Amino acid sequence: MNRLRRQQILDTVLRIPEGRVASYGEVAELAGWPGRARLVGRILKEFEGPAPVPWQRVLRANGCIAFPEGDPRHDLQADLLGQEGVEVRGGRVDRERYGWSGD
DNA sequence: GTGGTGACGCGGA
DNA sequence: ATCCGCGCCACCA
């Protein structure tokens, strides 16, 4: 079952459109595992570096990049988002503009 | 078995 | 805005 759960979460992340973002909590919710935001982060942790899955589109509920400033991953995520047209200011994204909540 | 640690989130002070 | 506490658990020492 762990296997299926992991796949459902990854599938949900893959559904986030290019140029849009979703929070860890939303991904968990959409995947059918409400309240399991931490699990989403734990799973995405395996995909650092070049992205087989668009992990850069997943942010905290307040629109901030989860990694602290100074962490190389923080800048990497900001760059990847910028490359697909998502404006990142101060490590934060305007969820009103780029937020995605399923379709 | 036990305790600490997270790519979290929310409500309250 | 910021800080804290708590709920959530998978993972690891």
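1. Surface near DNA strand C. By class, this surface has four charged residues, no polar ones and no nonpolar ones. The residues that surround DNA strand C are Arg5, Arg36, Arg38 and Arg42. Of the atoms of DNA strand C that come within 4 Å of the protein, sugar and phosphate make up 88%. The model is a predicted one, and the distances below should be read as computed from it.

2. Phosphate contacts of DNA strand C. For Arg36, a polar side-chain atom is 2.9 Å from a phosphate oxygen of DNA strand C. For Arg42, an N or O atom of the side chain is 3.1 Å from such an oxygen. For Arg5, the distance from a polar side-chain atom to a phosphate oxygen of DNA strand C is 3.2 Å.

3. Surface near DNA strand B. DNA strand B is surrounded by 14 residues, and the closest are Tyr24, Gly25, Arg38, Leu44 and Ala61. Sugar and phosphate account for 36% of the atoms of DNA strand B that come within 4 Å of the protein. By class, the residues of this surface are seven nonpolar, three polar and four charged. Arg38 is listed among the residues around DNA strand C and is also one of the closest residues to DNA strand B.

4. Which helices supply the surface near DNA strand B? Helix 2 (24-31) and helix 3 (37-44) each give at least two residues to it. The largest share, four residues, comes from helix 3.

5. Largest pocket. The space in the largest pocket is about 470 Å³. Its lining has 21 residues, and those nearest the centre of the pocket are Tyr24, Gly41, Arg42, Ala66 and Phe67. Among these, Tyr24 is also one of the closest residues to DNA strand B, while Arg42 is one of the residues around DNA strand C.

6. Make-up of the pocket lining. Helix 2, helix 3 and helix 4 (72-83) each supply at least two residues of the lining of the largest pocket. Helix 3 gives the largest share, five residues. Helix 3 likewise gives the largest share of the surface near DNA strand B. The lining of the largest pocket divides into 10 nonpolar, five polar and six charged residues.

7. Salt bridge between Glu26 and Arg95. How many salt bridges does the structure hold? There are seven salt bridges. In one of them the side chains of Glu26 and Arg95 meet, with N to O at 3.2 Å. This pair links distant parts of the chain, since Glu26 is in helix 2 and Arg95 is in helix 5 (residues 95-98), 69 residues apart. Glu26 has a relative accessibility of 18% and so counts as buried. Arg95, at 26% relative accessible area, is partly exposed.

8. Side chains of opposite charge can pair when their charged atoms come close. Arg89 and Glu87 form a salt bridge in which the closest N and O atoms are 3.5 Å apart. Salt bridges with shared partners join Glu48, Asp71 and Arg73 into one network. Within it, the closest N and O atoms of Arg73 and Asp71 are 2.8 Å apart.

9. Accessibility of these partners. Are they buried or exposed? Asp71 is buried, with 15% relative accessible area, whereas Arg73 is partly exposed at 32%. Arg89 has a relative accessibility of 61% and therefore counts as exposed. Glu87 is partly exposed, at 36% relative accessible area.

10. Gly19. Where is Gly19 placed? Gly19 is in the loop between helix 1 (2-15) and strand 1 (22-23). Its relative accessible area is 14%, under the 20% cut-off, so Gly19 is buried. Gly19 and Ile9 are 10 residues apart in sequence, and their C-alpha atoms are 19 Å apart in space.

Technical notes. Residues are numbered from 1 along each chain as its sequence is written. Chains are lettered from A and ligands numbered from 1 in the order in which they are written. This is a predicted model: local features need pLDDT of at least 70, side-chain atom pairs count only at pLDDT 80 or more; totals for chains, interfaces and linings use all residues. Side-chain values use heavy atoms; hydrogens and water are left out. A residue is near a molecule or strand if one of its heavy atoms lies within 4 Å of it. Ala, Val, Leu, Ile, Met, Phe, Trp, Tyr, Cys and Pro count as nonpolar, Asp, Glu, Lys and Arg as charged, and the others, Gly among them, as polar. A polar contact is a pair of N or O atoms within 3.5 Å; within protein, one must be able to donate a hydrogen and the other to accept it, and residues adjacent in sequence count only if both atoms are side-chain atoms. On a 1 Å grid over the protein atoms alone, a cavity is a set of points where a 1.4 Å probe fits but cannot get out, and a pocket is an open set with protein on both sides within 12 Å along at least five of seven lines; lining residues have an atom within 4 Å of a point. Grid points are joined across faces, edges and corners, and a volume is the space filled by probe spheres set on the points. A salt bridge is a side-chain nitrogen of Lys or Arg within 4 Å of a carboxyl oxygen of Asp or Glu. Buried means under 20% relative accessible area, exposed over 50%, partly exposed in between (1.4 Å probe, protein chains only).
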